[in-house]
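User: I've got a model open and would like to go through the ligand site with you. Can we start there?

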Amino acid sequence: MAESDLSLLLLCVFFPIFLLVFIKLIVRPRPVNIPIKSRHVFITGGSRGIGLALARQAAAEGARVTVLARNLEKLEEAKASIRLSTGIDVGIVSADVRDFDAVKKAVESAGPIDVLVCNQGVYASGEIENLEVKEIKGMIDVNLIGSFNVVKAVLPGMKNRIDRKPVSIAFMSSQSGQVDYDLLLAFLVNI
Ligand SMILES: NC(=O)c1ccc[n+]([C@@H]2O[C@H](COP(=O)([O-])OP(=O)(O)OC[C@H]3O[C@@H](n4cnc5c(N)ncnc54)[C@H](OP(=O)(O)O)[C@@H]3O)[C@@H](O)[C@H]2O)c1
């Protein structure tokens, strides 16, 4: 009896640990630290908000930074503000992420990219049933298709790097997407 209790106890203690270690080993992609000093960081939607803050931080950490957005005037302002706070000049490129050809041109003009941050985004707030279809399409075009366009334009250059240093692509997301997704799921389950 005591032996079976001990086996049960060992099973309860060690099996979850074994499971966690196993999951950690098989889960991909694994988080890696990409040193950004002297590397090219390309940030979409970098003319204001979170993207601008990321651009400033990356520049301060010694990266070569390029920011992409549509409004050239705002890009110039962003560049000036980063120069003021860090003394560093970042590159700016103007393109609409919905336009693949324009994005490709901007990416080519910026040069080989090591770290891509797809940060551009628009958000129409409200319940799905109260949003106009064109507002929903607008978000999908900029946030989703726009990110595909940027990745499609950047990826060939990343894959052809000969220095074999790690490269990285990050996507800025929002919890609202998850909340809306949960609501949608709850709705679908209930019908
Ligand atoms: N702020 C928040 O509380 C929050 C919360 C959750 C998630 N997020 C996400 O974080 C990211 C940044 O948010 P934020 O609040 O910092 O955004 P933001 O201040 O509104 O800035 C958006 C940036 O994206 C650019 N952009 C918009 N449409 C574009 C297009 N079609 N093509 C190219 N660039 C475009 C804008 O420049 P132009 O207009 O000149 O193109 C601007 O640089 C977004 O993806 C957003 O969904 C933000």
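User: Which residues come nearest to the ligand?
Analyst: In this predicted model, the ligand has 21 residues around it, and those that come nearest are Ser47, Ile50, Arg70, Asn71 and Asn119.

User: What kinds of residues make up that shell, by class?
Analyst: The shell around the ligand is made of 10 polar, seven nonpolar and four charged residues. As for where they sit, α2 (49–60) and β2 (64–69) are elements that each contribute at least two residues to this shell.

User: How much of the ligand's accessible area does the protein cover?
Analyst: On its own the ligand has 890 Å² of accessible area, and the protein covers 76% of that; the ligand sits in the largest pocket.

User: Changing topic, what does UniProt list for residues 6–27?
Analyst: The unreviewed UniProt entry lists residues 6–27 as "transmembrane region".

User: And is that span helix or strand in the model?
Analyst: Residues 6–27 are 95% helix and 0% strand, with the end C-alpha atoms 31 Å apart.

Terms used:
Residues numbered from 1 in each chain as written. Predicted model: local features only at pLDDT ≥ 70, side-chain atom pairs only at ≥ 80, totals over all residues. Heavy atoms only, no water. Near = heavy atom within 4 Å. Areas by Shrake-Rupley, 256 points an atom, 1.4 Å probe, with all protein chains shown as cover. 1 Å grid on protein atoms, 1.4 Å probe; cavity = no way out; pocket = protein on both sides within 12 Å on 5 of 7 lines; lining within 4 Å. Sits in = over half its atoms within 2 Å of the grid points. Helix = DSSP H or I, 4+ residues; strand = E, 2+ residues; numbered from the N terminus. Nonpolar A, V, L, I, M, F, W, Y, C, P; charged D, E, K, R; others polar. UniProt positions renumbered as here; feature names shortened; annotations may be inferred.
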